[in-house]
Amino acid sequence: MNTMKQKRFSMSFNMTLIFSICIAILIFSYSNGITGNDFWWHVKTGEWIFKNHQVPTTGIYSWSADFMNAKWYSQEWLSQLFFYLLYHVFGQVGIFVFCILISLTIFVILFFTAGKKIDHNMLFSCAYFLLTVKIITLFCYGRPQVFSYLFLTISLMLLYHFIKNPDSKKIFFLPLVALLWANFHGGSSNVVYILPLIVLIGHCVDLNIGCIQFHRLEVKHMKRLILVNILSFLALFLNPHGINMVIYPYSNMMDKNMVTFVEEWSAPAPSSISNVIFYYLPIIAVAVLFILQKNKINATDFLMMGFFAYLTFRSRRFLIFFIIACTFYIFDYVKKKDYDTANTTDASEKGKKLIIGSIFLISALILCVSVVQVLSTYYTKGELIDKPMDTKVIRVIKEDAPKRLLNDYNFGEVLIFEGIPVFVDGRADIYSGRILSDYIRFYGMYNHQDDFASLYTPENYMEEIQKFYQFDAFLVNNNSALHSYICSHADNYTLIYQDDTLSYYRLK
């Protein structure tokens, strides 16, 4: 029994090298701290939930949401509560360590999902997992989305285990994953019932369509998967917002202003070389690998690839979903290189130990450098989570105490954290509709044509928006169109504070 377990969990020479390098690089990627994008308003919302013992349904911390009676579905309430408690007890260090741990967890699951197939082609495996590390560290920071990445990984692990072992009862953990997903990050939880549907389609019949092969499951196994899917779908209703949370992922994508304005929700433009390399090339590479296949392609794998490629083309935030899903099937289609096996077999044990020892030493040095860099960042900056503005401007605004501040969208999270009511912030869904439309129109000085354009005259829309909202102060990015407008109408505004990034004005 011990021999079997040791054989099952042993790592090959190639696996050991790739794993060591990737782990070291993953941790090093966090050595300069993490971005605070949206983190600060999540923590503040978690504090509100903890102190009020309820989940908010209105736009708390936003004067414009209150002014317009805007509703809000806090679809990440449980993760917000988690972040607040973690931050309250351990501060920024706790959040920082958590982000590293969840990134490591996802990577380790994906790595050992590939398992021995990594030996098929060391060059491909090394490139693939280095890209995976890059994407994981780019997306995994203090936001509820990290739970979606983890739950997606677990869901795919359960489903692919079911495909190989349909008699296994582990698939019944999927409704539990759905329940957690709906409350930690409901915005992406619809994926949990879409994935089993993909598996059902891929295994509903024995059929070959060109190189695509469908394998039919036994009727009892199909019934089991259907039952699990129904339970997973029903589990999504067990959240503070009920059916609204089930509808939420689809209703959000219907707001064209929101999808266009929020960068991570927008489609990666193929006109950008960096987008082509980072978003399009991985998908094209997988497609080419499928096209060049001499063997049959499993229908479920093909459908998974198509589904997540479509999501990525629709919104760049789904790139990590594509990479996570890809790991569960891609190595089945990588041709085994005979010279890899030969090299591994012929290498002396002494040579192997020397190479592995050298890699371990290099990895240990990288880890040491990472620790030193983290400590240096923490003691130099006094923080491990970035803030988009200096604390000096916060003090100025608090002393000035504006009633209707118009703020830059990206500054909203810190203002909320500091208890300053905002016009807009990263909770784009609160402002869906007129508020976001007016913000884009006023802040960008762009009278775009949408459902709300008819409310204003083309010549005087700036004055009319100002009159409607009665802004009394302005916190703007120095590179924004509104800042240029204010500078050209300096007689109407008083400059209170300015630094290299932003300016704070009072309306005279």
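Modeller: A residue counts as buried at under 20% relative accessible area, as exposed at over 50%, and as partly exposed in between, with a 1.4 Å probe and protein chains only. The model is predicted: local features need pLDDT of at least 70, side-chain atom pairs count only at pLDDT 80 or more, and totals for chains, interfaces and linings use all residues. Residues are numbered from 1 along each chain as its sequence is written, and side-chain values use heavy atoms, with hydrogens and water left out. Helices (H or I, at least four residues) and strands (E, at least two) are DSSP runs, numbered from the N terminus.

Colleague: Within what arc do the buried residues of α21 fall, seen down its axis?

Modeller: Helix α21 covers residues 461-469, and its buried residues are Tyr461, Met462, Ile465, Gln466 and Tyr469. The arc is that of the directions from the helix axis to the C-beta atoms. The buried residues line one face of α21 because they fall within an arc of 135°.

Colleague: What covers the buried residues of α21?

Modeller: Contact is taken as heavy atoms within 4.5 Å. The cover includes elements from several parts of the chain: α4 (63-67), α20 (434-443), β5, α22 and β7.

Colleague: Which elements do the buried residues of α18 pack against?

Modeller: In α18 (residues 391-400) the buried residues are Val393, Ile394, Val396 and Ile397. They fall within an arc of 165° seen down the axis, so they line one face of the helix. That set packs against α19 (412-417), β5, β6 and β7.

Colleague: In what sense do β5 and β7 pair, parallel or antiparallel?

Modeller: On one side, β5 pairs with β4 in the parallel sense over 3 bridges, and Asn407 has Leu475 in β5 as its bridge partner. Towards β7, Asn477 stands opposite Leu502. The pairing of β5 and β7 runs over 5 bridges, and its sense is antiparallel.

Colleague: How many residues lie between β6 and β7 in their hairpin?

Modeller: β6 and β7 (residues 502-507) are antiparallel over 5 bridges. Thr494 has Arg506 in β7 as its bridge partner, and Tyr497 has Tyr504. The number of residues between the two strands of the hairpin is 3.

Colleague: How many residues apart in sequence are the parts that the pair of Tyr160 and Phe328 ties together?

Modeller: Rings of Phe, Tyr and Trp (its six-membered ring) pair if their centres lie within 6.5 Å, with planes under 30 degrees apart counted as stacked, over 60 as edge-to-face and the rest as tilted; the count comes to 59 aromatic pairs. Tyr160 and Phe328 have centres 5.7 Å apart and planes at 25°, so the pair is stacked. Tyr160 is buried at 9% relative accessible area, and Phe328 is buried at 8%. Because Tyr160 lies in α7 (residues 145-164) and Phe328 in the loop between α15 (319-327) and α16 (338-346), the separation in sequence of the parts tied together is 168 residues.

Colleague: Over the ring of which residue does the charged end of Arg427 sit, 5.0 Å from its centre?

Modeller: A charge sits over a ring if NZ of Lys or CZ of Arg is within 6 Å of the ring centre and within 35 degrees of the ring normal. Arg427 lies over the face of Trp41 at 5.9 Å from the ring centre. At 5.0 Å from the ring centre, the charged end of Arg427 sits over Trp72.

Notes
Pairing = 2+ DSSP bridges.
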